[in-house]
Amino acid sequence: MRRAPTILHLDMDAFYAAAEQAAKPSLRGKPVVVGGIGPRGVVATASYEARVFGVRSAMPTAQARRLCPNAAYLSPRFTLYRQVSDAVMELLRALSPLVEPLSLDEAFVDLEAGGVPAETAAARAVGEQLRRDIRAVTGLTGSVGLAGAKMLAKIASEAAKPDGLVVIEPGTERELLGPMPVRTLPGVGPATAEALRRAGIHTVAETAEAGEAELVRLLGRAHGTGLYAMALGQDERPVVAERDAKSVSVEDTFEVDLTDRTRVRIEVLRLADRCVQRLRAAGRSGRTVVIKVRNYDFSTLTRSETLRGPTDDPAVIREAAVRLLETVDTTGGVRLLGVGVSGLADFTQEDLFAQIATERETEEAGGVAEPEEEAGETEAAVELPRRWYPGLDVVHEEFGAGWVQGSGVGRVTVRFETPWSAPGRVRTFVVDDPALRPGEPLSLLGGPDQSSAPAIRPKSVSADGAADSAAGAEISRR
């Protein structure tokens, strides 16, 4: 345990929702919910305006709609969130070489490793400056916790929300933690909390008073010993700069159960391609391909196949995923599919045996090997309707960049605005309008003069549009 609060924990405030509000001027100050928008969707993040109505992360979207029917319900745009996250993490790495990202919007920083004096005043000054820098660069806000241990720094950042800074002085840990519910401690989930409740233990103070021996009896040696130390405010875990990923995976939940075998196969091929994209973006390869199938009755099956060596070849991973799918009965209906790769490495190993066998078969046949069917060709065989999900970016040849407000009955409604404009106008088009196409997220970084201008500029700008643009230039970032 440190004698000064030099471990910093940053947690961005309602990150996905705040990014959407910053990108969409018409949503600023209004309730916004980001997550799955279908009947089986789950809330990823809710803005503070939506939380007033009781909407919370991990809540079913259907329940959130009942609590806050007037909120904007948007599909997530991870390209935008990663862009903002990269900028925030760059600011953190300027403070110290020891930065431990936990997610896109959360990280620990060891300030002493960055040369910050082991003094409360110095750590606080760094935390305050970090909050100002994040707002200046991204237009968003983050909450900062400072303490002598990781657990306490995270508790402090939670207490600082939203847009605040809390310091826990070393020596005050037990007094602070005592009245908090036992679920506050890391590693205490619903099952552990229930086991402690049955033993009459509800708070952190009661956990410490129970003693190590009793906690070991209730929870087992490893969990009980660790929990007792946490209840005393002791956390010796260091900030680890590199957290090596064990696997890369993607999955989708479908609004309607998939019963058509061809459609299920197409979705597995698409997921395999997305998984390969993430694998290559991380500069990794893998040797074990895994598929996940959740049936209509919520039963979940996984199947895996280990290859001869690590690979990032999309054809190899697609073929393995399809082979695994053949071992699963999907006739009852599929509500979720996933494809992942584990056994990661930072190199690839070609399957030379398979290549030699293919060449030999070709020579014996006296011909040229037929090219394998590409996933794109398979998908083209079954034409799927274009879907305009709320919140997604679009570009119109005449009106420029905008985002989808909603769609249905063959129509799609688009609001044309950018992060640096005034709230924009709403227009409605047929869903297959040739002038309307999917777009890319506009940058929140650097101000209106950066590359956040529309990818396609409007063919004509009215006097009103010019006035709107001028007004938008006066809008300060959030």
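I take buried as under 20% relative accessible area, exposed as over 50%, and partly exposed as in between. With 36% relative accessibility, Lys 154 therefore goes into my notes as partly exposed. The model I am reading is a predicted one.

**Entry: helix 6**

I looked up helix 6, residues 150-160, and found it mostly covered, with eight of its 11 residues buried. Among the buried ones I listed Lys 150, Met 151, Leu 152 and Ala 153.

Which residue does Lys 154 meet in a salt bridge? I found Glu 106, at 2.3 Å from N to O. This pair links distant parts of the chain, since Lys 154 lies in helix 6 and Glu 106 in strand 6, 48 residues apart. Glu 106 is buried, because its relative accessible area is 13%.

Next I checked the loop between helix 6 and strand 8. Asp 163 forms a salt bridge with Arg 131, with the closest N and O atoms 2.9 Å apart. Asp 163 sits in that loop and Arg 131 in helix 5, 32 residues apart. I noted Asp 163 as partly exposed at 30% relative accessibility, and Arg 131 as buried at 17%.

Lys 161 and Asp 13 also meet in a salt bridge, at 3.0 Å from N to O. Here the two are 148 residues apart, with Asp 13 in the loop between strand 1 and helix 1. Asp 13 counts as buried at 3% relative accessibility, while Lys 161 is partly exposed at 22%.

**Entry: whole structure**

My search of the whole structure gave 24 salt bridges.

How values were computed:
Residues are numbered from 1 along each chain as its sequence is written. This is a predicted model: local features need pLDDT of at least 70, side-chain atom pairs count only at pLDDT 80 or more; totals for chains, interfaces and linings use all residues. Side-chain values use heavy atoms; hydrogens and water are left out. Buried means under 20% relative accessible area, exposed over 50%, partly exposed in between (1.4 Å probe, protein chains only). Helices (H or I, at least four residues) and strands (E, at least two) are DSSP runs, numbered from the N terminus. A salt bridge is a side-chain nitrogen of Lys or Arg within 4 Å of a carboxyl oxygen of Asp or Glu.
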